[in-house]
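User: I want to learn what stands behind the words used for a structure. Please take me through them, with the rule for each.

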Amino acid sequence: MSRIREAFEKGKAFIPFITCGDPDLETTAAVVRAAVKNGAALVELGIPFSDPTAEGPVIQGANLRALKGGVTTDQIFDLVRDLRQDVEVPLVFMTYANVVFSYGAERFFSLCRETGIDGIILPDLPFEEKEEFLPVSRKYGVDLISLIAPTSENRIAMIAGEAEGFLYIVSSLGVTGTRSEIKTDLKSIVDVVRQNTDLPCAIGFGISTPEQAQNMAAISDGVIVGSAIIKILAAHGKDSAEPVGEYVKAMVEAANQK
């Protein structure tokens with residue numbers, strides 16, 4: 001069983017997203033460890049990009065702060081090496097195709113395997129174009145994780161049937177960011193996914209409150225939160241580990257309430 005699959009075996013998985021290097025890599029490492037200590041089942045690590053098209057203003061701001069601070073992909077691989085000294089949960093990169101392409105896909109995925117990255121999410125890579133990276137990601141045992149959006153409709157079964165790792169279900173149209181309510185009929189999307197794969201699925205985009213986490217976990221296998229965590233980092237800077245840990249603990253408890 002893959003490490004990603006195992007992450008969903010112990011209850012509903014809470015998955016925090018953290019932009020690497022915001023405000024610095026030392027803080028990123030402390031925040032990841034605090035999240036894992038408080039029950040995060042899997043962690044998404046964002047590699048900053050200058051034009052993060054799937055992101056709302058909160059995560060865009062984190063990307064810009066990290067890039068302004070000079071963070072590089074090489075430094076992020078070093079961060080993963082450091083985390084892997086004691087962090088055992090799956091670690092998944094979330095970034096953009098150009099980051100991998102410009103770094104060199106062969107070099108990028110070989111370092112993913114070497115450092116202990118379990119999967120990668122590329123929100124700007126259309127499902128129909130995944131072959132550009134799939135052979136090399138499989139060569140190095142890195143799951144290329146697919147997204148399913150409310151607009152996927154008649155493509156949901158196809159995407160689910162060919163998925164790896166877990167399925168990232170996008171809760172709402174538009175970019176990342178907290179939302180007061182989520183109106184998409186997510187249960188019908190999850191039902192189609194379940195009919196076509198036994199891989200776990202997690203819902204992300206727009207989730208910020210324990211109530212939302214509980215509602216989303218009731219119909220899926222996990223909950224992904226990014227913007228709400230980035231807001232904590234923006235407010236607390238280098239002192240973010242403790243408040244992020246407290247937030248993660250509350251969200252893990254909410255997601256696993258019966």
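Analyst: Start with a sorting rule. Ala, Val, Leu, Ile, Met, Phe, Trp, Tyr, Cys and Pro count as nonpolar; Asp, Glu, Lys and Arg count as charged; the others, Gly among them, count as polar. Next, the ground rules. This is a predicted model, where local features need pLDDT of at least 70, side-chain atom pairs count only at pLDDT 80 or more, and totals for chains, interfaces and linings use all residues. Residues are numbered from 1 along each chain as its sequence is written, and side-chain values use heavy atoms, with hydrogens and water left out.

User: How many nonpolar, polar and charged residues are in the lining of the second largest pocket?

Analyst: Seven are nonpolar, three polar and five charged. The lining has 15 residues, with Glu6, Ala7, Lys10, Ala41 and Val89 nearest the centre of the pocket.

User: What makes a set of points a pocket?

Analyst: The points lie on a 1 Å grid over the protein atoms alone; a pocket is an open set with protein on both sides within 12 Å along at least five of seven lines. A cavity is a set where a 1.4 Å probe fits but cannot get out. Lining residues have an atom within 4 Å of a point. The second largest pocket holds about 230 Å³ of space. That volume is the space filled by probe spheres set on the points, with grid points joined across faces, edges and corners.

User: Which helix gives the largest share of the lining of the second largest pocket?

Analyst: Helix α1 (residues 3-7), with three residues. Helices (H or I, at least four residues) and strands (E, at least two) are DSSP runs, numbered from the N terminus.

User: Why does Ile148 count as buried?

Analyst: Buried means under 20% relative accessible area, exposed means over 50%, and partly exposed is in between (1.4 Å probe, protein chains only). Ile148 has 0% relative accessibility, so it counts as buried. This residue is found in strand β6 (residues 147-148). Contact means heavy atoms within 4.5 Å. By that rule, and leaving out residues up to four places away in sequence, Ile148 touches Ile156, Ile159, Ala160, Leu167, Tyr168, Ile169, Val170, Ile189 and Val193.

User: Is Gly39 buried, partly exposed or exposed, and why?

Analyst: Gly39 is at 35%, so it counts as partly exposed. Its place is the loop between α2 (25-37) and β2 (43-46).

User: Why is strand β1 (residues 13-19) called largely enclosed?

Analyst: Seven of its seven residues are buried, so the rest of the structure largely encloses strand β1. Ala13, Ile15, Phe17 and Thr19 point one way, and Phe14, Pro16 and Ile18 the other way.

User: What makes two strands a pair?

Analyst: DSSP must find at least two bridges between them. Four bridges join β1 to strand β9 (residues 222-225), and the two run parallel. Three bridges join β1 to β2, also parallel. In β2, Phe17 has Glu44 as its bridge partner.

User: What makes the crossover from β1 through α2 to β2 right-handed?

Analyst: The test is this: with the strands pointing away from the viewer, the path from the first strand over the helix to the second runs clockwise. The β-α-β crossover from β1 through α2 to β2 is right-handed.

User: Over how many bridges do strand β8 (residues 201-204) and β9 pair?

Analyst: Two, in the parallel sense. The crossover from β8 through helix α10 (residues 210-219) to β9 is right-handed. In β9, Gly222 and Ile224 on one side and Val223 and Val225 on the other are all buried.

User: What do most residues and peptide bonds do?

Analyst: Most residues other than glycine have a negative phi, and most peptide bonds are trans. Here, Phe205 has a positive phi, near 80°. It sits in the loop between β8 and α10. The peptide bond from Asp22 to Pro23 is cis, with omega near 0°. Pro23 lies in the loop between β1 and α2.

User: Is Phe205 buried or exposed, and why?

Analyst: Its relative accessible area is 7%, so Phe205 is buried.
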